[in-house]
Amino acid sequence: MPSAFDASNPPFDRLTQEEIGELRAALDIAYLRPGEAVLIPGQKSEHLHVVIKGSIEVRDGGTLNAVLGPKDAFDSRALVHGAAGEDFIATEETLCYLIPRGVVLNLISRNAGFAAFFYSEVSAKLDAFARAHRQEGMESVLRARVREASRGPAVMVPGDATLAEAAARMQEASINAAYVREDGRIGVVTGMNLAKAVLLKQLPLDTPVRQVCHFDVIAVDAEDFIFEALLLMTRHDRRRVAVRTAGEFTGFLEDIHILGLVAGNSQLIPGRIDRARNVADLAAPAQDIQGQVERLHRQGVKVEQIAEITSDLNRRLFVKLFDLLAPPAIRKHGCLMIMGSEGRGEQTVRTDQDNGLLLDGPVPAAELTRFRQDFSGALADFGFPPCPGDVMVRNPLWSQPLDGLLRQLRLWIMDRTPEAAMNLAIFFDAVAVTGRTSLLAEAKHALAEMMRGERALIARFANLVESFETPGLGAFSALMEKVGVAADAIDIKKAGIFPIVHGMRAMAMDRGIMATSTAGRIEALVAAGAFSAAFGQELLSALRVFMEYRLRAQLEAVRRGVLETEALVLPGSLSPADRDILRDALRIVRQFRETLRSRYNLAAFG
Amino acid sequence: MSRGALWRLFYRASLGDHAYKFLFEPGPPDEAVALDCETTGLDPRHDDIVAVAAVRIRGNRILTSERFEAFVRPEDSQAGAESIKVHRIRQRDVADALPMRKVLPDLLRFIGGRPLVGYYIDFDVRMLDKYAMDLIEVKLPNPQIEVSGMYYDRKYGNAPPGTVFDLRFDNILKDLGIPPLAAHDALNDAVMAGMAYLALRDMKARGVRIRRDRMGQGPPPPTGG
């Protein structure tokens, strides 16, 4: 049997061959009767248990926190941190491997990768485990296709065009090289060729371009791998190669483009947004913002950093789009704001557009109507799905003068429906991106004053977290069906992200904290003494875990083209280590919900 | 299948080497040993043991950390090609092994007076008896616990006449939801028999029967619940 212990099962896959040998030699097997308590809260464990068959319920008082099955390990807290926090009870005839505590502690002290599984902080644990399947970095760049990095358009100038004409064409298309057609041959002229011709050789500007271009064009196919292109560039000492798609020249691949792949090319996007001269020019960079999310994730960038980069780029895009579309009156009187997850800077894969316009006075009605349609329409074209709640510039409710919005906020506060509370929540996350930003500050302060310290109002607002359960992992299918998904799937947005985000929002509102990001709110709440720094850190950790799992689910959903499943996590498809991390994160959320319940007496709302 | 008290007395009296008297003392309470032999064939008179493994069971635990495992070099007969296929123990592996007369004393000390648990344990014991008679002039007096018998009681004990029995080892494991380990490895077989024993013993204590219509337990749900 020692040989039968599955060493490929994380975290044991971190062990060396020799360490696995030690572990296997020390294993025993325990049989547990149905109903037998393996561990009770406060108890220290002499073994790490790994389920062979059967199931173990993890309970906290009356709450079923999780159900463990084959390959799940428990309980690292009881083993390493002194005492179990929950009851572990066998629900059927169960067999477990027993790994003696001494052996585990010894392996922890020797093997850092294995030790990560026993970290007390859940996001540190996640990082350690996420890193394993992400050691691709450079590798993935080299195996990307040329088309993922190359840039168009391919501009073709005749050989008798003048240097000045060629330069103008290239400037117009914002490219550094153009193709030259001459006697059925194709050549290439670069910006550097033109500059040298004029500055160094002092050729007149009306010299035909055929005199400065070269005809030994090195070309790759758009479907070639980057490493093939790199080999060609090195061999021929070129910083740029021509790119063909289906036989036609479609652009160039430059060394800087390859560099862009490495860094997720986010550093190239702002320049391209700035250079856009019309809405159509923004489509490509808008697409790239989305494309880099997947790439950054593949390269092992942490989810909170991906969210930060993405939200920064999106804001630049919104600003540019506003500048391009807003007529002077709206630019003068308006403030563009983004709300919801976009406002908190926590969106990665686009799920919806939550944006609005505040005005400090009347603007021409026709211009406003047109701007509303154009702005929301352009974002939809760029791939921002319309907001299901219609929280968009195109909705007059969300693009109106300040006093109108203030009236609306007051109505929502009086209204006792969850929809009204949700609207307040979305607005409370608003951030001004451009225009008269003071308008939003004024509106938000007005809202904060209306809500601050109003226990009854805050409580009703906080009660939204009760809309969804936070189920135990693998717990009853009935619970899952309540949140509207298949029995073995967890909607991570409803079960994990929303309770933390909204709970923090309610507590921030209660104390008049104006930070919009959840991390910022947690920090401010800790500073204000709302809860301990340690608990704040745990909650932030848990949120990052959920965001990471959600991003994985989203990227998977995008790949498969089934966007409905973007927030669904199937515990069965996770590795036991990932399941363990998710279980910890869900436990932290449940603890936070308890805090909210007692603070705002949520039971009173039924 | 346990040997009668009279036989035990007889062997105790005729025990050749009194150093092995411990075989006749009762073992520690609530302990047993799961045992399995891999052999060159199914005839105890002509075939030989090529590997033997045993694990102690204490209470509800299988102490795989204190296992006994040995490859055995047959004294005379050649391992037949057929059994090599079954056990995947080749002559080369067996060549590094010790002859049974060197293995048996350690095995007997490991077993002591504890009951022996196994699947068709009688066969394994008869194989061992052959060597024990040579060494210390007794047959193993240990009580035997037959896993297939326990399974029969839980499943077919009250079956109407004409019920078709299936007492194959892999079927028993499937019925009990025990994941199959690589079979025909003496230690794995002993451990699987031990797991089946613990499950069946507990079901008996709780008066739980195995339903005859169920075909195994199916794959466990992904989260185990």
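How many bridges join strand β15 of chain A to β18(A), and do the two run parallel or antiparallel? Four is the count to keep in mind: 4 bridges join β15(A), residues 334–338, to β18(A), and the strands run antiparallel. One facing pair is A:Ile338 opposite A:Val431 in β18(A).

Before going on, a caution. This is a predicted model.

Let me stay with that sheet. It is an open sheet of 4 strands in chain A. The order is β17-β16-β15-β18, and the pairing is mixed. β17, residues 399–401, and β18, residues 431–435, are the edge strands, each pairing on one side only. From one strand to the next, the twist averages 25°.

Now the helices on this sheet. Helix α14 of chain A, residues 303–325, packs on the sheet and touches β15 and β18 of chain A. The direction of α14 makes about 35° with that of β18(A). Then there is helix α18 of chain A, residues 402–414. Helix α18 lies across β16, residues 355–359, and β17 of chain A. Its angle to β17(A) is about 105°.

One loop belongs here too. Between α17, residues 365–381, and β17 of chain A sits A:Asp390. Its phi is near 60°, a positive value, and the residue is not a glycine. Is A:Asp390 buried or partly exposed? It has 13 C-beta neighbours inside 10 Å, so A:Asp390 counts as partly exposed.

Next, a helix in chain A: α23, residues 492–510. It has 19 residues. From first C-alpha to last, α23(A) reaches 26 Å, close to the 27 Å expected at 1.5 Å a residue. Where does α23(A) bend? At A:Phe498, by about 40°. A proline, A:Pro499, follows within four residues. After α23(A) comes A:Gly512, with a positive phi near 65°.

The hairpin comes first. Strands β13, residues 240–245, and β14, residues 248–254, run antiparallel and are joined by 6 bridges. A:Val241 stands opposite A:Leu253 in β14(A). The hairpin has 2 residues between its strands. A:Ala246, in the turn, has a positive phi of about 50°.

The other feature is a cis peptide. The bond runs from A:Phe74 to A:Asp75, and omega is near -10°. A:Asp75 lies in the loop between β6, residues 73–74, and α2, residues 76–80, of chain A. When you open the model, have a look at that bond.

To close on chain A, the overall picture. The chain comes to 26 helices and 20 strands. It has 606 residues, and buried residues make up 46% of them. Take the contacts in chain A with a separation of 6 or more: residues 24 or more positions apart account for 70% of them.

On to chain B. It has 8 helices and 6 strands. From the N terminus, the elements run α-β-β-β-α-α-β-α-β-α-β-α-α-α. There are 225 residues, and 38% count as buried. Among contacts in chain B between residues at least 6 apart in sequence, 70% join residues at least 24 apart.

Just after α7(B), B:Gly177 takes a positive phi of about 75°.

Last residue: B:Asp30. It lies in the loop between α1, residues 5–14, and β1, residues 31–39, of chain B. Its phi is positive, about 60°, although B:Asp30 is not a glycine. Is B:Asp30 buried or exposed? Within 10 Å there are 10 other C-beta atoms, so B:Asp30 is exposed.

That is the tour.

Terms used:
Residues numbered from 1 in each chain as written. Chains lettered and ligands numbered in written order. Predicted model: local features only at pLDDT ≥ 70, side-chain atom pairs only at ≥ 80, totals over all residues. Expected span 1.5 Å × (residues − 1). Bend = angle between axes of the 7 residues up to and from the residue. Pairing = 2+ DSSP bridges. Buried ≥ 20, exposed ≤ 12 C-beta atoms within 10 Å, placed from the backbone. Contact = placed C-beta atoms within 7 Å. Axes fitted to C-alpha atoms, helices over the stretch in contact; angles between N-to-C directions.
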